[in-house]
Amino acid sequence: MVQVVDRVGALLAAFSQEEPVLGLAECAERAQLSKSSAHRLLSGLAEIGMVERDPDGNWQIGELPLRLAAIRLSHRNMRRDAMTALAPLGRRFDAATAFSVPNGDEMVYVERTDSSIPFAPSARLGSTAPIWEGAAGRAVLARLDPAQRRELCAGPRWSALSDEVRARIADDVERSAERGYSVDRGEFFDGIAGVASALGRRGEPVAALSLIVSVERMSPELEREMGRAVAELAREITGKATLPGVSR
């Protein structure tokens, strides 16, 4: 049984943000399995929604992991309550809103509403991004201690960034920890800017709330107003919700 679990884990770990769709041969090679074993396991995982096949016969992560992530981090309807409370801020600032959760060194986007002012395609629910790329992930990093940050900001994707970009991200995370919210000015996502604040006490962030606008609209004044508003809301929700490590 342990061997099967290990093989399943290796297959799921074969997928990444850069390569979300893989052929059977690629899956087998990365998981160090024979093609027949990989196909048998993938077929079983497809039956329960962990993976799925596209029209070309290639494999990709299915819908079940997204649902499990949402359940794992919902914490007594926290996601629903957070999005309900975030909606008025979205209307107030004509901004899109998002609820995302950390999963290792990535953020998973599990819910979003659109802005009344169209400016970019909506992020696909279940999509992921490295934790340091957007405001949501940096808000989560800002709630962690330095050792935890170093653990998450590691690996080949982080190393591929220039020294200047890594230093800028580290500085932004430090500033985010001081002011209670993080800022994305479109460095990684073309045309998209935003602010975010994490839910959960220091050392144990469980999710992030985001307000998203176009880069053109993100003035210093709007940045401050949205940032303070989302930080206040995050503190309010954290204080009321039953979260891991958050005392009532």
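How are helix 5 and helix 10 oriented to each other, roughly parallel or roughly antiparallel? Let us begin with that pair, keeping in mind that this is a predicted model.

## Helix 5 and helix 10

Helix 5 covers residues 78–93 and helix 10 covers residues 220–240. Their axes come within 11 Å and cross at roughly 155°. An angle over 145 degrees counts as roughly antiparallel, and helix 5 and helix 10 are therefore roughly antiparallel to each other. The crossing in which helix 5 passes helix 10 is right-handed.

Who does the touching? From helix 5 come Met78, Ala82, Ala85, Leu86, Leu89, Arg92 and Phe93, and they meet Leu222, Glu225, Met226, Ala229, Val230, Leu233 and Ile237 of helix 10. Sorted by kind, the residues of this contact are 12 nonpolar and two charged, with no polar ones.

## Helix 2 and helix 3

Next, look at helix 2 (residues 24–31) and helix 3 (residues 35–47). Here the axes come within 9 Å, and the crossing angle is roughly 105°. Angles of 65 to 115 degrees count as roughly perpendicular, so helix 2 and helix 3 are roughly perpendicular to each other.

On the helix 2 side, the contact uses Leu24, Ala25, Cys27 and Ala28; on the helix 3 side, Lys35, Ala38, His39 and Leu42. Six of the residues in this contact are nonpolar, one is polar and one is charged.

## Helix 6 and helix 9

The axes of helix 6 (residues 135–142) and helix 9 come within 8 Å, crossing at roughly 65°. That makes helix 6 roughly perpendicular to helix 9. Helix 6 passes helix 9 in a crossing that is right-handed.

Helix 6 brings Arg138, Leu141 and Ala142 to the contact, while helix 9 brings Ile169, Asp172, Val173, Ser176 and Ala177. These residues divide into five nonpolar, one polar and two charged.

Note on methods
Residues are numbered from 1 along each chain as its sequence is written. This is a predicted model: local features need pLDDT of at least 70, side-chain atom pairs count only at pLDDT 80 or more; totals for chains, interfaces and linings use all residues. Side-chain values use heavy atoms; hydrogens and water are left out. Axes are lines fitted to C-alpha atoms, for helices over the stretch in contact, and angles run from 0 to 180 degrees between N-to-C directions. Helices (H or I, at least four residues) and strands (E, at least two) are DSSP runs, numbered from the N terminus. Angles under 35 degrees count as roughly parallel, over 145 as roughly antiparallel, 65 to 115 as roughly perpendicular and the rest as oblique. Contact means heavy atoms within 4.5 Å. Ala, Val, Leu, Ile, Met, Phe, Trp, Tyr, Cys and Pro count as nonpolar, Asp, Glu, Lys and Arg as charged, and the others, Gly among them, as polar. A crossing is left-handed if the near helix is turned anticlockwise from the far one by less than a right angle, and right-handed if clockwise.
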